[in-house]
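Dear colleague,

Please find below the sequence and structure that I am handing over to you.

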Amino acid sequence: MAIKVATDATFETEVLQNDKPVVVDFWAAWCGPCKLVAPEMEKLAAKYEGSIDIVKVDVDANPGLSRAFNIMSIPTIAFFAPGKQPMGVVGFRPAEQLEAQFQLASYPKIEAAAAAATDAAAAPTAASDAA
């Protein structure tokens, strides 16, 4: 899964109106710890593909978002779950700590749920074929 990039113009659509939970990495190119966070975001994107979106926001290019969310230090990793207040952490955290902090494992994988639904739908067909 590719990590998405949000801007002042696209943040509302990419994050706030998203029907899935979203982890947002507020970062800047000059920030050393931000470079350490990037591979951790890749791990989360791969692990939660289809169930949780990962979005990066360059704070230098998007000052409106920095002001709106009071981003004073970077990296700031924020978690936006539909219908809930966002929560965030400042500084580098490994993927496992972010998973625990934001309880990411509690969000079901969409492809796993879709596969179960497909299997359930196929089962009656197989049974009726046997009869």
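The following paragraphs describe what was found.

Please bear in mind that this is a predicted model. The protein has 131 residues, and 37% of them are buried. It contains 5 helices and 5 strands, and from the N terminus on these elements follow the order β-α-β-α-β-α-β-β-α-α. Of the contacts between residues at least 6 apart in sequence, 74% join residues at least 24 apart. The exposed surface comes to about 7,200 Å², of which carbon and sulfur atoms supply 60%.

The sheet

The 5 strands form an open sheet with mixed pairing, in the order β1-β3-β2-β4-β5. Strands β1 (4-5) and β5 (87-90) stand at the edges and have a single partner strand each, so one side of each is left without a neighbour in the sheet.

Two of the pairings can be followed in more detail. Strand β2 (residues 22-27) runs antiparallel to β4 (residues 76-80), and 5 bridges join the two. Within this pairing, V22 has F80 of β4 as its bridge partner. Strand β4 also pairs with β5 in the antiparallel sense, over 4 bridges, and here A78 stands opposite G88 of β5. β4 and β5 make a hairpin with 6 residues between them, and G83 in its turn has a positive phi of about 80°.

The helices against the sheet

Helix α4 (residues 95-102) lies across β4 and β5, and it runs at about 150° to β5. In helix α2 (residues 32-47), the buried residues are C34, V37, E40, M41, L44 and A45. The cover over these buried residues of α2 includes β2, β3 (53-58), β4 and α4.

In soluble globular proteins, nonpolar side chains tend to be buried together. Here the largest nonpolar core has 18 residues, and those with the most contacts inside it are V23, M41, L44, I54, I77 and L104. Helix α2, strand β4 and helix α4 are the elements that give two or more residues to this core, and α2 gives the most, with 4 residues. Another core, of 17 residues, lies apart from it and has C31, V55, L65 and A78 among its members.

Leaving aside its neighbours within four places in sequence, I77 is in contact with V23, V24, D25, V37, M41, M87, G88, V89, L98 and F102.

The disulfide

How many disulfides does a search of the whole structure find? The search finds 1. A disulfide is a covalent bond between the sulfur atoms of two cysteines. In this model it is formed by C31 and C34, with their sulfur atoms 2.4 Å apart. The link of C31 and C34 is right-handed, with 80° about the S-S bond, and both of these cysteines are buried.

A residue in a loop

Is N62 buried or exposed? N62 belongs to the loop between β3 and α3 (63-68). Its relative accessible area is 6%, and a residue counts as buried under 20%, so N62 is buried. Leaving aside its neighbours within four places in sequence, N62 is in contact with A6, T7, D8 and V57.

Yours sincerely,

A colleague

Terms used
Residues numbered from 1 in each chain as written. Predicted model: local features only at pLDDT ≥ 70, side-chain atom pairs only at ≥ 80, totals over all residues. Heavy atoms only, no water. Pairing = 2+ DSSP bridges. Contact = heavy atoms within 4.5 Å. Axes fitted to C-alpha atoms, helices over the stretch in contact; angles between N-to-C directions. Disulfide = S-S within 2.5 Å. Buried < 20%, exposed > 50% of the residue type's maximum accessible area, 1.4 Å probe, protein only. Core = buried A, V, L, I, M, F, W, Y, C linked by side-chain atoms within 4.5 Å. Areas by Shrake-Rupley, 256 points an atom, 1.4 Å probe, with all protein chains shown as cover.
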